[in-house]
Amino acid sequence: MTRYLPFEKPVEALAARAAALRAGGTQAAEAALLDERAARLLADLYARLSPWERTLVARHPDRPHFSHLAAGLFTDFVPLAGDRAFADDPAIQGGLARLGRRAVVVIGHAKGEDTASRLARNFGMAKPEGYRKAVRLLDLADRFGLPVVTLVDTPGAFPGMEAEARGQAEAIARCTERCLALGVPMVAVIVGEGGSGGAVALAAANRVLMLEHAIYSVISPEGCASILWRGAERAADAAEAMKITAGDLLRLGVIHRIVYEPPGGAHRDHGETVKRLSLALRAELDALGARSPDELRHERRLFFTRMGRV
């Protein structure tokens, strides 16, 4: 059953009327007309979403997360666990897989699919051992010449005391550094929330893609509003000011490409989302395949050092 967002209430009302008519069993034609109206209204709403509304879509509980995307995009996935120093962090998943016929290393934030798994995965907020696990997988990719695909979806790195005590900032910095030093192609996709350094640690890639309704920012809109206006109630204003949407970030040169979502967002059609994302990933990896390790490193560093110049 579709879970509607606040701005989708008119669509929900039409869908409910159509369902009631169908339940009566005698007005199928009228119900079909209502379905068509709902589809047109949904398309119109999604064509003019505000940054805050896109934030709500990026956080939708039914949005495809790592497990959905990995199962659809890759075959022969072999998960690898642990950082070989402290523990395994379930908020970051990764391993060996195939994208078509191409062997790759895949790494991503895992938010979970229900209450129990979200709690177990800390809502995708990784601890230092998660980023150290990612570094271990990046080392593996470099050693065996395997391209890297990362799926970024996190509100941010875990800010708890135990994470800070185990070197959270250093772990994020080392992971970012390792991405920049890779001698193999790397493609990152912001699939939901791309929050702060916790996202950048897996997104310092040769190509940074974003799903159409994903967000990517240095801080959450609520966090920004709390700092600037002393209250999270102005989160919508913060979202507008920070330029966190895919369209804004493409214009600013922060990402390379937008992967457009099915009508009504990725949460309404996981299969079509996976299909579009698979085509984009294969095209990017094909384009990067002929570059030497030095060319890949130079291109990656140049892209990030140019950011912020006017």
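A residue counts as buried under 20% relative accessible area, as exposed over 50%, and as partly exposed in between. The model discussed here is predicted.

Asp44 has a relative accessible area of 37%, so Asp44 is partly exposed. Its partner in a salt bridge is Arg48, with a nitrogen and an oxygen 2.9 Å apart. Arg48 has a relative accessibility of 53%, and therefore counts as exposed.

A second salt bridge links Arg22 to Asp35, and here the closest N and O atoms are 2.1 Å apart. Arg22 belongs to helix α1, residues 9-24, while Asp35 belongs to helix α2, residues 28-47, so the pair ties together parts that are 13 residues apart in sequence. Arg22 is partly exposed because its relative accessibility is 43%, and Asp35 is partly exposed because its value is 32%.

Helix α1 also holds Ala19. With a relative accessible area of 43%, Ala19 is partly exposed. The C-alpha atom of Ala19 lies 7.2 Å from that of Ala31, although the two residues are twelve places apart along the chain.

Which residue pairs with Arg207 in a salt bridge? The partner is Glu284, and the closest N and O atoms are 3.3 Å apart. Arg207 lies in strand β6, residues 207-211, and Glu284 lies in helix α13, so this pair ties together parts that are 77 residues apart in sequence. Are Arg207 and Glu284 buried or exposed? Arg207 has a relative accessibility of 14% and therefore counts as buried. Glu284 counts as buried too, because its value is 10%. Salt bridges can also share partners, and in this way Arg59, Lys111, Asp153, Glu193 and Glu222 are joined into one network. The count of salt bridges in the model comes to 27.

Helix α13 leads on to the packing of helices. This helix covers residues 270-288 and packs against helix α4, residues 66-73. The angle between them is about 60 degrees, and their axes are 9 Å apart. On the side of α4, the contact is made by His68, Leu69, Gly72 and Leu73, and on the side of α13 by His270, Val274, Leu277, Ser278 and Leu281. The crossing of α4 past α13 is right-handed.

Another part of the chain to look at is helix α10, which spans residues 221-228 and contains Cys224. Is Cys224 buried or exposed? Its relative accessibility is 11%, so Cys224 counts as buried. If residues up to four places away in sequence are left aside, Cys224 touches Ile219, Ala238 and Met242. Between Cys224 and Gly198 there are 16 Å, taken from C-alpha to C-alpha, and the two are 26 residues apart in sequence.

The next element to follow is the loop between α10 and α11, where Trp229 is found. Trp229 is partly exposed because its relative accessible area is 30%. Together with Ile227 and Leu228, Trp229 makes a nonpolar surface patch of about 300 Å². Arg230 has its place in the loop between α10 and α11 as well. At 70% relative accessibility, Arg230 counts as exposed, because the value is over 50%.

The last topic is the backbone. What is the phi value of Arg230? Phi of Arg230 is near 60 degrees, which is a positive value in a residue other than glycine. Asp76 is another non-glycine residue with a positive phi, in this case near 55 degrees. Asp76 sits in strand β1, residues 75-79. Its relative accessible area is 55%, so Asp76 is exposed.

Methods
Residues numbered from 1 in each chain as written. Predicted model: local features only at pLDDT ≥ 70, side-chain atom pairs only at ≥ 80, totals over all residues. Heavy atoms only, no water. Helix = DSSP H or I, 4+ residues; strand = E, 2+ residues; numbered from the N terminus. Buried < 20%, exposed > 50% of the residue type's maximum accessible area, 1.4 Å probe, protein only. Contact = heavy atoms within 4.5 Å. Patch = residues over 30% accessible without salt bridge, like charges linked within 9 Å, V, L, I, M, F, W, Y side chains within 5 Å. Areas by Shrake-Rupley, 256 points an atom, 1.4 Å probe, with all protein chains shown as cover. Salt bridge = Lys/Arg side-chain N within 4 Å of Asp/Glu carboxyl O. Axes fitted to C-alpha atoms, helices over the stretch in contact; angles between N-to-C directions. Left-handed = near helix turned anticlockwise from the far one by under 90°.
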